[in-house]
Amino acid sequence: MRLTFRVNGRQQQADDVWEGESLLYVLRERLGLPGSKNACEQGECGSCTVRLDGLLVCSCLVAAGQAQGRDVVTVEGLASQAKKRADGRSGGADGRTGKAGTDLQPLSPIQQAFIDAGAVQCGFCTPGMLVAADELLERNASPTDADIREALSGNLCRCTGYQTILAAVRLAAARGTADTAGTADTAGTGG
Amino acid sequence: MKTFRYERPADPAAAVTLVAGTPGARYLAGGTNLVDLMKLGVETPELLVDVSRLPFGEVEETDTGGLRIGAAVRGSRLAAHLLVRERYPALSQALLSGASAQLRNAATIGGNLLQRTRCLYFQDVSKPCNKRRPGSGCPAREGAHRDLAVLGASEHCIATNTSDLAVALAALDATVHLTGPAGVRSLPLTDLYRLPGDEPERDTVLRHGELITSVELPPPPHSARSRAPLMVYRKVRDRASYAFALVSVAAVLDVRDAAVHEVRLAFGGLAARPWRAREAEQALQGRPATEEAFVEAVRTELSACRPLRENGYKLALAERLAVAVLADLAGQG
Ligand SMILES: Cc1cc2nc3c(=O)[nH]c(=O)nc-3n(C[C@H](O)[C@H](O)[C@H](O)COP(=O)(O)OP(=O)(O)OC[C@H]3O[C@@H](n4cnc5c(N)ncnc54)[C@H](O)[C@@H]3O)c2cc1C
Ligand code: SF4
Ligand code: FES
Ligand code: FES
């Protein structure tokens, strides 16, 4: 089947997609976006975390067909997503992305904070952590430690012991809400 | 993974026709359980009928002041819904205690109710398992059964139902609305699930092609003194977040003049279905709301427990958890 959907602000199309492929496979193997990682493939580790219509999901458990017509943001799109938020709802939100939806923006604040706090060891969990942490800061500009722990509880890390990751999220939050915090209408849940 | 076809029909009738007409067809909602089981080779459907975008995505108040929850509503959305947080806090607590944010965002109410057991042997196609392959045996009985059932099990299967949502809904007297090839019908949630008996392959009473369309809650009980409904969901697990329940309890308690005016109690983690503790409820009705009365009533209910080598701890855990929850609720009243 043909799959048409938006990835990191850009319309994408993949042909001859088999229905049994996961969204994760389509992103990595067909669209050349290897940022989202493939570890457990069972929804347990969160290394494949992306946003689907704004909501965090494990892309390893999303069947390709379910992404039809939807909007996906991967770790490769975090920087332009952050820039878009900083530019505000109206102005300048051009979502400038490269050929395969790879970012041409400098790093997003959460990415920079992970580097500065030394929150990356082997790096396998990092893309999923970044997408989940970015989503947290978008809806909660000054999270408590309990908020951070709960928000990242679906993302497992076998290297860092989590302390540096917590520090990175605190750092990004402390550096200010201007470029990390989003507008209420992009917040995932709510009802 | 075995090849399969994928369809996304526009309306419920078409979805039912598709599944009813294909023996190997399954509904697909969030996919967080079904896709996982397909990767493991446990489920091998020939057709997936995607129902996640059917018009069952609403949460609405009913004429009687209850709540109707569409089967395609996502767990995270229901947990955050204002009416749920205000009137049915136990439901919100149950949802938020399950899985991770990523999974709750994808998982639907219908899919949650029909998630399959996490018994290790069920998930491992190289092992025998009566639920997966009827007649092949139940290695859990001799093997790893620390997480498995102490109530209502049979010699053929000791699996547990792992839905936190179902436990809260059982205590809230929820009704499940279905549509199927033979028309629509409704069931109390507690009647949706079967005990294994000699047909452990059948988790529920659903017929092939039946689709859950919504779940309905009666108006929440209110205590005489406060407007807030006195209910809670509490879950004990191996770690503080992101783990299935060892034992969980959902309770509603209304105490008036120091006596039990209304009580509803359901256990998770003990059986193949959420265990509504009717005996304990009856024993408590009209009785003084004291810790001694709670202990006695809960023990009556749990006297039917038949633990195995490794899961006897669930008895003491269930008793203490239920008594603590009831005592807390009585104290708040
Ligand atoms: C790592 C992990 C941890 C988890 N932890 C917990 C936990 O702590 N507590 C908990 O309660 N759950 C937990 N879960 C299970 C999770 O809640 C379920 O996977 C999820 O709720 C299933 O919903 P879904 O919409 O994705 O269903 P799907 O996977 O799409 O479907 C599940 C089943 O329901 C059927 N189905 C779906 N919708 C309908 C409908 N409307 N009518 C008829 N049949 C339907 C499907 O055919 C399928 O058989 C966990 C899952 C994972 C992967
Ligand atoms: S307990 Fe049930 S699901 Fe587990 S191995 Fe036995 S038959 Fe299979
Ligand atoms: S690869 Fe998807 S959750 Fe682990
Ligand atoms: S840095 Fe290695 S898994 Fe997290």
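Biologist: With which residues is V252(B) in contact, once its neighbours within four places in sequence are left aside?

Modeller: The general idea is to pass over the neighbours in sequence and to look at what the fold brings together. In this predicted model, V252(B) is in contact with A171(B), P221(B), L230(B), M231(B), V263(B) and R264(B), its neighbours within four places in sequence being left aside. The residue itself is found in strand 10 of chain B, which covers residues 247-256.

Biologist: Is V252(B) buried or exposed?

Modeller: For that one counts the C-beta atoms around the residue, and 20 or more within 10 Å make it buried. V252(B) has 24 other C-beta atoms within 10 Å, and therefore V252(B) is buried. As for distance, the C-alpha atoms of V252(B) and A280(B) are separated by 13 Å, while the two residues are 28 apart along the chain.

Biologist: How many helices and strands does chain B have?

Modeller: Chain B has 12 helices and 12 strands. Its radius of gyration is 20 Å, close to the 20 Å that the globule rule gives for 333 residues, so chain B is as compact as a globular protein of that length. The C-alpha trace of chain B spans about 60 × 50 × 35 Å along its principal axes, and buried residues make up 51% of its 333 residues. If we take the contacts in chain B between residues at least 6 apart in sequence, 63% of them join residues at least 24 apart.

Biologist: Turning to chain A, where is C58(A) placed, and what is it in contact with?

Modeller: C58(A) has its place in strand 4 of chain A. C58(A) is buried, because 35 other C-beta atoms lie within 10 Å. Beyond its neighbours within four places in sequence, C58(A) is in contact with G43(A), G46(A), C48(A) and T49(A), and also with Q102(B) and L103(B) of chain B.

Biologist: Where does ligand 1 lie, and which residues are closest to it?

Modeller: Ligand 1 lies between chains A and B. It is surrounded by 32 residues, of which G30(B), G98(B), G110(B), G111(B) and N112(B) are the closest. Several elements of chain B each supply at least two residues of this shell, including strand 2 (25-28), helix 2 (34-39) and strand 8 (211-217). By class, the shell around ligand 1 has 15 nonpolar, 13 polar and 4 charged residues.

Biologist: Which residues come nearest to ligand 2?

Modeller: Among the 15 residues around ligand 2, those that come nearest are C119(B), Y121(B), C129(B), C138(B) and C157(B). The shell around ligand 2 has 12 nonpolar, 2 polar and 1 charged residues.

Biologist: Which residues of helix 1 of chain A are buried, and what do they pack against?

Modeller: In helix 1 (residues 23-30) of chain A, the buried residues are L23(A), L24(A), V26(A) and L27(A). These buried residues pack against strand 1 (3-7) and strand 2 (10-14) of chain A. Just after helix 1, G32(A) takes a positive phi of about 65°.

Biologist: Lastly, what pLDDT does chain A average?

Modeller: A predicted model should be read together with its confidence. Chain A averages a pLDDT of 87, and 83% of its residues score at least 70. Over residues 178-191 of chain A, however, the pLDDT is below 50, and the model gives this stretch 36 contacts beyond near neighbours in sequence.

Methods:
Residues numbered from 1 in each chain as written. Chains lettered and ligands numbered in written order. Predicted model: local features only at pLDDT ≥ 70, side-chain atom pairs only at ≥ 80, totals over all residues. pLDDT = per-residue confidence, 0-100. Contact = placed C-beta atoms within 7 Å. Near = placed C-beta within 6 Å. Helix = DSSP H or I, 4+ residues; strand = E, 2+ residues; numbered from the N terminus. Nonpolar A, V, L, I, M, F, W, Y, C, P; charged D, E, K, R; others polar. Buried ≥ 20, exposed ≤ 12 C-beta atoms within 10 Å, placed from the backbone. Rg over C-alpha atoms; globule rule 2.2 N^0.38 Å.
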